[in-house]
Amino acid sequence: MERVTIKIKGMSCAACSARIEKVLSKMPGVSHAQVNLALEQAVVEYDPQAVKAMDLVEKIERLGYSVVPERVEIKVQGMNCAACVSRVEKKLQKINGVQEAVVNLATEKAVVKYLPAVVKPEDLAAAISSIGYGAQLQTDLAEGTGQVSEPAELGQRKRLLVFSAFLSFPFLVIMLEHLFGLSLPVWLTSYTTQLLLATPVQFIAGFPFYKGAFTALRGGSANMDVLVALGTSAAYFYSLIIGLVDPHAHLYFEASAVLITLILLGKYLESMAKGRTSEAIRKLMGLQPKTARVIRDGKELEIDISEVVVGDLVVVRPGERIPVDGVVREGYSSVDESMLTGESVPVDKQVGDLVTGATVNKFGSIKFEATQVGRDTVLAQIIRVVQEAQGSKAPIQRLADVVAGYFVPAVVVIALGTFALWYWVLDAGNLSRALINATAVLVIACPCAMGLATPTSIMVGTGRGAENGILIRGGEHLERTHRVDTVVLDKTGTITKGELEITDIITAKEFAGREEKLLEWAAAAEKLSEHPVAKAIVEGVLNRLPGLGIPDPQEFSAVPGKGVKAVIDDSVIFLGNRRYLQEQGVDVEPLLPALERLESEGKTTILMAVDQTPAAVIGVADTVKEHAAEAVQELKTLGIDVWMITGDNKRTATAIAQQVGIEHVMAEVLPEDKADQIKKLREQGRVVAMVGDGINDAPALATADVGIAMGTGTDIAMEAADITLMGGDLRAIATAIKLSKATMRNIKQNLFWAFFYNTVGIPVAAAGLLSPVVAGGAMALSSVFVVSNALRLKRVRLA
């Protein structure tokens, strides 16, 4: 008997746990099942001969509950083409307890979702090692940056390349002799010299290809190494044998040696280029300071960033980076948050304000209390999201993955067919020509380009997004975004600032020119009220009249839902709605035209009277964000329909929509109904992106084809979203869509090149129109082309 603990999500009551327990207990091979609602887990004793752990999981999921997998990243060393990726994925997916395995050639990482009750991360790494690849579990955030061209690996490639190039150079001279009829010393072109030069290249510089080929074949598959090892070995061993039999025969040592050198050159250039695709992650990691200055026991200490704990009082001086997230407890400053939001204008920070790690303190000294450290900081979360996105696959890559599984065996068959056709039909009996044409077929085929076509573009695209304050959670979301034709914007906090502000004060004739005094009285009257509109009036007056000391009212009373009455400077002040002032005997007729105009603009109105005399109408509204209208226009320019969704009444909603240029309005929509409205739009055949920032937007974000959360909003909204805009600027929506379109265009270019190159190159080589050296050079450069093309995304204009 074995015992397994399974974490379960979705149980809401004792009936749920009882149902699962009952169903599991009835399964053949299960001796005991106990489900704990509080711990959200099932403990099952079962006979592994009669039932598998995955059968238990599937049974729970069929009941409508979800089993919680864990996620692990494994650094995989030794992969060099799409066939390797396919092989590692298949190996992982066959393991009992693995729900999903995604292997990325560009980042050299496997991301595995597994059930910890069934399989351990060490077992996954061991499975990868068993098929001949290096496997290292990624436990720290700083590991797995997606940086392929690490100094040690790149240095090793460089040394092999220099060694191979040095010994292959004489072969280039020999090739020039063949081309231009040069006169060379006999010893240089002799069999012995060529053998001595070619052998170290073949078996020392070429050893990684033999090792990779052996590992692949032992595991029952084939990859690029098999093609290179077969092609170069054919040329080398043919030359070795024919040279012994006939000293005057034409040798092809230069084909094998120069071929290996060219492929090593291609791999070296590819590694350098792949290293550049992950620059965004390294830049983000480089933003975090190495040390922090904290106050402990009354002393100021400089400690390593990893030693900062929640609750520490951290000191930051002008020009320094803020080490961790926290709340300002002392001081005042301006902070450059451009790394977070993309906005270059510094943000003022004072006591009580939040500060984010890795942002730059510009002017004043501040002391803040650390609230998030280590893996919990905003920067760490951003890095984690970008890493996960870069390790993910886009659906468009599936075709390349399918082809890669059959590609290498197909090429070997074509090469054998080429040899047979040339040797027995086209140039009967000419062994050397048949062999060379078959070798050209083997080495021109490039599964690397297919494997790199999609992931390199996704790495650069998601990295470019992070640099612009746009966090994309995965390749599938990046791909889906380019098809968006409808964007639905939540009003409060998305189109608007989410804060009430005084927009107007229109006075009656008797009080013309006395706006400041009326505002002072209004602030004093509302000072003791807790109503949001009252707070907006007080804050608005302080903003308009800085330095104003608001007096306390001599008397104060409030009528909930109607208004307030206060005595200030021996004057009786009334503030409230129309009915309240009428009940107090105030004639509001002179204020009605202004009242109706402000209400038609969707603003909340407050009537004001002084000593029974109508004095003013104050307009308060949640004002639209600075660049909202410009953002809407940008989306329209991209051919996208823009809608607004809000719980506000039709008149208020229409007024806001008109300010920013939105024609389609969904008003009076309850929070719980937002998701249904999104669903209706999708049912019309639209590809819908929903943009929101609040807890009540989370269901709608999850229902949309693409959910976009404003980073200024709640964590719940950001968790439900596919894309997070770290700032509050709506123009980033258009930027995200442009980035998605540019990335998808880049991926299609790469895939076209990879398939076109192989579709044309293999027949041309089979026709005997390419020498193996030229074919090998083309193969080496094809993958370099793909990675270099992906790097062009760094220069694409998004603004």
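Residues are numbered from 1 along each chain as its sequence is written, and side-chain values use heavy atoms, with hydrogens and water left out. Because the model is predicted, local features need pLDDT of at least 70 and side-chain atom pairs count only at pLDDT 80 or more, while totals for chains, interfaces and linings use all residues.

**Exercise 1.** Work out how the axes of helices α16 and α28 are arranged, and which residues make the contact.

*Solution.* Start by locating the helices, which like the strands are DSSP runs numbered from the N terminus (helices are H or I with at least four residues, strands E with at least two): α16 covers residues 447-467 and α28 covers residues 731-766. Their axes, lines fitted to C-alpha atoms over the stretch in contact, with angles running from 0 to 180 degrees between N-to-C directions, come within 9 Å and cross at roughly 165°. The two helices are therefore roughly antiparallel to each other, a term for angles over 145 degrees. Next, list the contact (heavy atoms within 4.5 Å): α16 contributes residues including A449, M450 and R464, and α28 contributes residues including L739, N746 and F755. Sorted by type, the residues of this contact divide into 9 nonpolar, 9 polar and 1 charged, where Ala, Val, Leu, Ile, Met, Phe, Trp, Tyr, Cys and Pro count as nonpolar, Asp, Glu, Lys and Arg as charged, and the others, Gly among them, as polar.

**Exercise 2.** Decide whether K738 and T356 are buried or partly exposed.

*Solution.* Buried means under 20% relative accessible area, exposed over 50%, and partly exposed in between (1.4 Å probe, protein chains only). K738, placed in helix α28, has 21% relative accessibility and so counts as partly exposed. T356, in the loop between β15 (354-355) and β16 (360-361), has 11% and therefore counts as buried. Not counting residues up to four places away in sequence, T356 touches I322, V324, D325, L340 and V378.

Notes. Parallel < 35°, antiparallel > 145°, perpendicular 65-115°, else oblique.
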